[in-house]
Amino acid sequence: MSSEEIVTAAVLVIGDEILSGRTPDRNINYIAAHLTRVGIRLREVRVVADDESAIVAAVNALRKSHDYLFTTGGIGPTHDDITADAIAKAFDVPIDHDPRAVELLMAYFARRGIEATSARLRMARIPLGAELITNIVSVAPGFMIDNVIVLAGVPDIMQVMLDDVTPRLRTGAKMLTETIQLQRPEGEVADLFAAHQKTFPDVAMGSYPSFADGRVSTQLVLRSTDSALLKAAREELERVLAARGLM
């Protein structure tokens, strides 16, 4: 792993309940922040329905265009949990009850006096060749096959799965951030900020206006993997803002 390497990722959110608005997504922001912290750039997010052909097409497109693809949702016990089957189809590999996953689930069921129904054991179906991802909340595992990481949709479970799989991932340069908070509307600094971007083309810049308590404010955010360059860009921006009486 090189500290200068750029490692990219996409997230595929799977579920009719997300697209219908019935269930608000709580995973995208968490995954994005987590990946940023460890040095993986989230480049794309897609949401697809519980439709096998749509999942297969999205998986095959995204896993080829990014270093990693994270999926969330569709690995539970019900008939519409079809993610594992779709992933197997995308990789053209068989899928069946994985002995490792069956052992985990059977022990969990026995401890709690839960019947091992065929529906519950669907959560042990894993594509051939996949590594298991530990779930310390409810035991039913996620899995990783090649560069595709398959996580639960339930946020608490997704988060522990993400923690488990992260040490296995290749990471690169970490993105650093500097933020300048101004009590000014965005329009007052837009031209100045655009000129500053041209002065520092290798620093990513964005402005984010907000309105709260009757006051308009704008955050100017600078991002770079180069700490010295980022520091220089911030200091120069602060100098220009101060010179124009905007700070």
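Some ground rules. The model is predicted, so local features need pLDDT of at least 70 and side-chain atom pairs count only at pLDDT 80 or more, while totals for chains, interfaces and linings use all residues. Residues are numbered from 1 along each chain as its sequence is written, and side-chain values use heavy atoms, with hydrogens and water left out.

I'll start with the helices. Helix α3, residues 52-65, packs against helix α4, residues 83-91, at about 55°, and their axes are 9 Å apart. Axes are lines fitted to C-alpha atoms, for helices over the stretch in contact, and angles between N-to-C directions run from 0 to 180 degrees. The two helices are therefore oblique to each other; that label covers what is left after under 35 degrees (roughly parallel), over 145 (roughly antiparallel) and 65 to 115 (roughly perpendicular).

Which residues make the contact? From α3 they are E52, I55, V56, V59, N60 and R63, and from α4 they are D85, A86, I87, K89, A90 and F91. Contact means heavy atoms within 4.5 Å. By class, that contact has 7 nonpolar, 1 polar and 4 charged residues. Nonpolar is Ala, Val, Leu, Ile, Met, Phe, Trp, Tyr, Cys and Pro; charged is Asp, Glu, Lys and Arg; the others, Gly among them, are polar.

Next, the sheet. Three strands form an open sheet in the order β9-β11-β10, with antiparallel pairing; two strands pair if DSSP finds at least two bridges between them. β9 (176-182) and β10 (204-212) are at the edges with a single partner strand each, so one side of each has no neighbour in the sheet. The twist from one strand to the next averages 20°. Between β9 and β11 (residues 215-224) there are 7 bridges, and T177 has R223 in β11 as its bridge partner.

Helix α8, residues 186-199, lies across β9, β10 and β11, at about 170° to β10. Helix α9, residues 227-243, also packs on the sheet, touching β9 and β11, and its direction makes about 10° with that of β9.

Last, N147, in the loop between β7 (142-145) and β8 (148-151). Is N147 buried or exposed? Its relative accessible area is 10%, so N147 is buried; the cut-offs are under 20% for buried, over 50% for exposed and partly exposed in between, with a 1.4 Å probe and protein chains only. Leaving out residues up to four places away in sequence, N147 touches R63, H66, D67, Y68 and L69. D67 is 80 residues away along the chain, yet the two C-alpha atoms are separated by 6.6 Å.

How values were computed. Helix = DSSP H or I, 4+ residues; strand = E, 2+ residues; numbered from the N terminus.
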